[in-house]
Amino acid sequence: MRVYEKVRDYINENGYKQVTIAKKAGLSKATFNAILNGKRTLYADDLRAICIALNVSPEVFIDIGESSVGEAN
């Protein structure tokens, strides 16, 4: 599952209004909607702002496992 899909699902599952989160994150409603529908790239700065608005860690949406980070060849 892609990060924007995880963000969208989290917002829906927790009953948040997209417009409220967009406003708290400093994003326009149109931009936020485009991100959540995969029509605009979700940049790190956007994800940071969204996580702050939701009061969650980015790790909620990004899988950081030992097997995918810092593997030696």
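A residue is called buried under 20% relative accessible area, exposed over 50% and partly exposed in between, with a 1.4 Å probe and protein chains only. Helices (H or I, at least four residues) and strands (E, at least two) are DSSP runs, numbered from the N terminus. The model is predicted, and local features need pLDDT of at least 70, side-chain atom pairs count only at pLDDT 80 or more, and totals for chains, interfaces and linings use all residues. Residues are numbered from 1 along each chain as its sequence is written, and side-chain values use heavy atoms, with hydrogens and water left out.

The protein contains 4 helices and 0 strands, and its elements follow the order α-α-α-α from the N terminus. Of its 73 residues, 29% are buried. The accessible surface (Shrake-Rupley method, 1.4 Å probe; for residues, only the protein chains shown count as cover) amounts to about 5200 Å², and carbon and sulfur atoms account for 47% of this surface. Contacts are defined by heavy atoms within 4.5 Å. Of the contacts between residues at least 6 apart in sequence, 49% join residues at least 24 apart.

Helix α2 spans residues 18-25, and its buried residues are Ile 21, Ala 22 and Ala 25. Viewed down the axis of α2, the buried residues fall within an arc of 100°, so they line one face of the helix; the arc is taken from the directions between the helix axis and the C-beta atoms. An α-helix has 3.6 residues a turn, so residues three or four places apart point the same way. The exposed residues Lys 23 and Lys 24 are carried on the face of α2 that is turned away from its buried side. The cover over the buried residues of α2 includes α1, α3 (29-36) and α4. Just after α2, Gly 26 has a positive phi of about 75°.

In helix α4, the buried residues are Asp 46, Leu 47, Ala 49, Ile 50, Cys 51, Ala 53 and Leu 54. These buried residues of α4 pack against α1, α2 and α3. Asn 55 follows α4 and has a positive phi, near 60°.

Asp 46 is buried, at a relative accessible area of 10%. Leaving aside residues up to four places away in sequence, Asp 46 touches Leu 27, Ile 35, Arg 40 and Thr 41. Side chains of opposite charge can pair when their charged atoms come close. A salt bridge is counted where a side-chain nitrogen of Lys or Arg lies within 4 Å of a carboxyl oxygen of Asp or Glu, and the structure holds 2 salt bridges. In one of them, Asp 46 pairs with Arg 40, with the closest N and O atoms 2.8 Å apart. Arg 40 is partly exposed, at 31% relative accessibility.

A salt bridge also joins the side chains of Asp 63 and Lys 6, at 3.1 Å from N to O. Asp 63 lies in the segment after α4 and Lys 6 in helix α1, so this pair ties together parts that are 57 residues apart in sequence. Asp 63 is exposed, with a relative accessible area of 63%.

A pair of aromatic rings is described by the distance of the centres and the angle of the planes. Rings of Phe, Tyr and Trp (its six-membered ring) pair if their centres lie within 6.5 Å; planes under 30 degrees apart count as stacked, over 60 as edge-to-face and the rest as tilted. On this basis there are 2 aromatic pairs. The pair of Tyr 10 and Tyr 16 is stacked, with 6.4 Å from centre to centre and 20° between the planes. The ring centres of Tyr 10 and Phe 61 are 5.5 Å apart and their planes stand at 90°, so this pair is edge-to-face. The pair links distant parts of the chain, with Tyr 10 in helix α1 (residues 3-13) and Phe 61 in the segment after α4 (44-54), 51 residues apart. Tyr 10, Tyr 16 and Phe 61 belong to one aromatic cluster.
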